[in-house]
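Student: I would like to learn how to read a few features of a protein model. Could we go through them one at a time?

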Amino acid sequence: MDEGTLVRLSPLRPGGGGGGGGGGSLKSPSSGKSTPRGSPSFRRLNSGRTPRRDARSGVFSSHCLRSNRIVLWLLLITLWAYAGFYFQSKWAHGDNKEDLFSGGYGGESGGDKSEPQIKNQRRDLIAKVDSAAVELKNDTNELSLNKSIMDVVLAKNTTSDKNKPSKRRSKRSLRRKRLVSSKPKAMVEEEVESEVDLQTEEMIPKKNTTYGFLVGPFGSVEDSILEWSAEKRSGTCDRKGAFARLVWSRKFVLIFHELSMTGAPLAMLELATEFLSCGATISVIVLNKRGGLMSELSRRKIKVLEDKTDLSFKTAMKADIIIAGSAVCSSWIEQYLSRTVLGSSQIMWWIMENRREYFDRSKLVLNRVKKLIFLSESQSKQWLSWCEEEKIQLKSEPALVPLSVNDELAFVAGISCSLNTPSFSTEKMTEKRGLLRSAVREEMGLSEDDMLAISLSSINPGKGQLLLLEAGRFLIEQPRTDQTSLRLSSEFDSMVFDGDSSGLRKLLSEGNIGKKGGNLKILVGSVGSKSNKVPYVKTLLSYLSVHSNLSKVVIWTPSTTRVASLYAAADVYVMNSQGIGETFGRVTIEAMAFGLPVLGTDSGGTREIVEHNITGLLHPLGRPGARILANNLQFLLENPNARQEMGLKGREKVEKMYLKKHMFQKFGEVLYKCMRIK
């Protein structure tokens, strides 16, 4: 066959169907009946396409493989970079300087062999005090048990080296030991001292047999008469206000130095509540958990960090602003600043103390924080003078943010606030406050003519409760005459009456003299406060045991946050702080909100708040002031109209200067200047 007649064979198989035997005829796909789609012949017929499909899938697989390799390499590079930044940040922040890759934090090499022994003794002491505190909480009425607990604590401290450690220890105890061992020496000492103070305070039973006459708290009476409770509050933030817009969705860390029911912790508690109500994220660091505010923090759903070292530092680094609420927070601030470079631009330090020992313990970090905040002009001047003595240059001018009367107390006092509703108007609350006064005074055994003078603070020498009792003794032992009630020492007359005394003269000219009232009663709080100084409390009890007539005049009340009933029942408030005086005196403005005249020492923040002869009467510091205080008490006892007039003036001042809206207006201005706006 030649090349011209060569016929190209079709790739189709020869037809095997009809037409006989076996011919070699070829069947075109377009002729006749096609092969069924599901038959083996059809699959073989189309098998020629398979190699092309395999080739395409192979190319696609190689592309996928190459792209997956790229993804894997990117993932490895990302993980490697993350690990590098992680360990670098650990190194930069000072975590685990000596043992970076061991998985622990805060490791430090011991200086000498005696240091681990000292730490072991402290850990044993802390563990034993904690266990003793649990036992004491279960049965506080057994004094003999308390004595044996303290004996065991002291014995454990001296004989810890003789006791062999147990071989089997729980994981919790081991974690606790590691946590305590990682704390600096100063922090461990402070914790041990505070725990021992906690034990010692409980040595005095809260019984009438100990204090004579112990009344309150009156929380249930408040709830039944007012038909409202602070626990029903869901938040008082003005969501349309400037403060709410400033803090919304921001992160704040608040540092409490303790949880006692005193000025600084209560102020920080209300600040945290306001932040949370306005939509901010709040984390609280508690340096010392003594006190009774932990349950209140839980009730208000405020997050408290369990750890005050590593976890607190990491949380603080993510916050917009850190607010420290006491000069005692200096140790935490110093440690935090040693771990981060940018920490100084985050910290606002709200200092609420005014004694030199607090300045000395905080002076090393005063110039390393963003802003210092003080409560009063006198406190600010005092701290600035100390800074000048020590040649400390602050980063910025300190701010002044006085404390305020919270909405709960203003609400009960009948002052317009965010809690008022048509059902609970100011007029309605004023009426209920009168009912509350009658119920509480009846429970105290007081007549309407008796004058109740109250002093609510921690019981320690700086608050001057002993001088108040001495003034009460002077009053009840001297004959009651109009002349003695108005007699003032020439020393105090020249010191105080240089200014305007027209208010007092007006009261005396309106026929108030000679209207003798009932008897004087003095109410002293706060029994059981963790800030009380037990030796001083025993001194007061000994003084009352010697002067039996005075003991019939004194009433005691436990430490509590439900103080509205006490203010409602009172007629006079006594602020008798000694030394350089009260830093500010939040209880002073609370008493003024309830229309009480204030008898205060002529020093510190009290002098700034109380206007002599207008909103109250001032007296000198120390024992000379006790005589003047006695005269002032007797004057108000015999002149109820003067009490009422001074109380109204004080209430007006609170409404103009010391409500919550005033404090947060000033605090918001300081916060705006300090906050890193994103």
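**Reading the features around a helix**

Tutor: This is a predicted model. We can start with P217, which lies in the loop between α7 (208-211) and α8.

Student: Which kind of peptide bond joins G216 and P217?

Tutor: As background, most residues other than glycine have a negative phi, and most peptide bonds are trans. The bond between G216 and P217 is cis, with omega about -5°.

Student: Where is S526, which is joined to G525 by a cis peptide bond?

Tutor: S526 belongs to strand β9 (residues 520-527). For the bond between G525 and S526, omega is about 15°.

Student: Now phi. What is its value at E227?

Tutor: Phi of E227 is near 55°, a positive value in a residue other than glycine. E227 sits in the loop between α8 and α9 (242-247). K391 also has a positive phi, near 60°, and its place is in the loop between α15 (377-389) and β7 (399-400).

Student: How do I read the packing of helix α8 and helix α17?

Tutor: Two packed helices are described by the angle between their axes and the distance between the axes. Helix α8 (residues 219-226) packs with helix α17 (residues 426-444) at an angle of about 145°, and their axes are 9 Å apart. The crossing of α8 past α17 is right-handed.

Student: Which residues make the contact?

Tutor: From α8 they are V221, E222, I225 and L226; from α17 they are M429, K432, L435, L436, A439, V440 and E443. By type, the contact of α8 with α17 has eight nonpolar residues, no polar ones and three charged.

Student: With which residue does E222 form a salt bridge?

Tutor: Side chains of opposite charge can pair when their charged atoms come close. E222 forms a salt bridge with R562, and their closest N and O atoms are 3.4 Å apart. This pair links distant parts of the chain, 340 residues apart: E222 is in helix α8, while R562 is in the loop between β10 (554-558) and α24 (564-569).

Student: How many salt bridges does the count come to?

Tutor: The count comes to 27 salt bridges, with a side-chain nitrogen of Lys or Arg required to be within 4 Å of a carboxyl oxygen of Asp or Glu.

Student: Last, the surface. Which residues form a nonpolar patch there?

Tutor: I70, W73, L74, L76 and I77 form one, and together they have about 570 Å² of accessible area. Of these, L76 is in helix α2 (residues 50-92).

Definitions and conventions. Residues numbered from 1 in each chain as written. Predicted model: local features only at pLDDT ≥ 70, side-chain atom pairs only at ≥ 80, totals over all residues. Heavy atoms only, no water. Patch = residues over 30% accessible without salt bridge, like charges linked within 9 Å, V, L, I, M, F, W, Y side chains within 5 Å. Areas by Shrake-Rupley, 256 points an atom, 1.4 Å probe, with all protein chains shown as cover. Helix = DSSP H or I, 4+ residues; strand = E, 2+ residues; numbered from the N terminus. Axes fitted to C-alpha atoms, helices over the stretch in contact; angles between N-to-C directions. Left-handed = near helix turned anticlockwise from the far one by under 90°. Contact = heavy atoms within 4.5 Å. Nonpolar A, V, L, I, M, F, W, Y, C, P; charged D, E, K, R; others polar.
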